[in-house]
Amino acid sequence: KYQRYAAENVLTDAQIQTIKNWVTQNAPQGNPSAAPPMPTFPRGSQIGTPDIVLRAPTYTIPTLTSDLYRCFVVPGGVNVDRFLSAMEVIPGNANVVHHVLIYQDTTGRGRTLDAADPEPGYTSFGGVGIDNPPLLGAWVPGAKVHRFPQNMGVRLSANADLIVQIHYPRGSTGQ
């Protein structure tokens, strides 16, 4: 028993039982010729023609001994309040991006943190270094365009910045 959510991705009871049966049988391969094709992920935008396109700065990952959570401040691109009805993230190098979180900053604190770091952006684990920024969206490999239900959206405040936090895993040095 749990709360149901829009666009949730769940398995049916029959699918769960199929997986349980497979596991209890020591995970046999099955018929390779019946396997579905490998997924293909489209390149470029899937959103159509967006109202606004924002870009984080180009960044080369330094030598990493652990994961890196790097935050980039991007001007929000609007001078009056607007509502986001859809959002798409397209990483420059999806092979080294573990996930992306996008926050709204109306305080200017992100710019201050960015200015204190000589490289593009600034490092921040466990948040973006400001108190309670609204989370606007997220991306993980395989994610599709996030569209809000009709007549719904998230407010993007006039003159706000976006803080784009990108998680780069250890081993992605120099990318």
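This is a predicted model: local features need pLDDT of at least 70, side-chain atom pairs count only at pLDDT 80 or more; totals for chains, interfaces and linings use all residues.
**View 1. Ala27 and Asn26 lie in the loop between α1 and β1.** Ala27 has a positive phi of about 55°, although it is not a glycine. Asn26 is also a residue other than glycine, and its phi is near 65°, a positive value. Most residues other than glycine have a negative phi. Asn26 has a relative accessible area of 69% and is therefore exposed, the limit for that class being over 50%.

**View 2. A nonpolar patch on the surface includes Trp22.** The patch is formed by Leu11, Ile16, Ile19, Trp22 and Val23. Together these residues have about 460 Å² of accessible area. Trp22 is found in helix α1, which covers residues 13-24. With a relative accessible area of 43%, Trp22 is partly exposed.

**View 3. The largest pocket holds about 1200 Å³ of space.** Its lining has 39 residues, and the closest to the pocket centre are Leu54, Arg55, Glu88, Val89 and Ile90. The elements that give two or more residues to this lining are β1 (68-75), β2 (82-84), β3 (86-87), β4 (99-105) and β9 (161-168). The largest share comes from β9, with four residues. By class, the lining of the largest pocket has 27 nonpolar, seven polar and five charged residues.

**View 4. The second largest pocket holds about 870 Å³ of space.** Of the 25 residues that line this pocket, Phe41, Pro42, Val89, Trp139 and Ala143 are the closest to its centre. β6 gives the most, with four residues. The lining of the second largest pocket divides into 13 nonpolar, eight polar and four charged residues.

**View 5. Val89 is listed for both pockets.** In the largest pocket, Val89 is among the residues closest to the centre, as are Glu88 and Ile90. In the second largest pocket, Val89 is again among the residues closest to the centre, with Trp139 and Ala143 also on that list.

How values were computed:
Residues are numbered from 1 along each chain as its sequence is written. Side-chain values use heavy atoms; hydrogens and water are left out. Patches are made of residues with over 30% relative accessible area and no salt bridge: like charges are joined within 9 Å, nonpolar side chains (Val, Leu, Ile, Met, Phe, Trp, Tyr) within 5 Å. Accessible areas come from the Shrake-Rupley method with a 1.4 Å probe; for residues, only the protein chains shown count as cover. A salt bridge is a side-chain nitrogen of Lys or Arg within 4 Å of a carboxyl oxygen of Asp or Glu. Buried means under 20% relative accessible area, exposed over 50%, partly exposed in between (1.4 Å probe, protein chains only). On a 1 Å grid over the protein atoms alone, a cavity is a set of points where a 1.4 Å probe fits but cannot get out, and a pocket is an open set with protein on both sides within 12 Å along at least five of seven lines; lining residues have an atom within 4 Å of a point. Grid points are joined across faces, edges and corners, and a volume is the space filled by probe spheres set on the points. Ala, Val, Leu, Ile, Met, Phe, Trp, Tyr, Cys and Pro count as nonpolar, Asp, Glu, Lys and Arg as charged, and the others, Gly among them, as polar.
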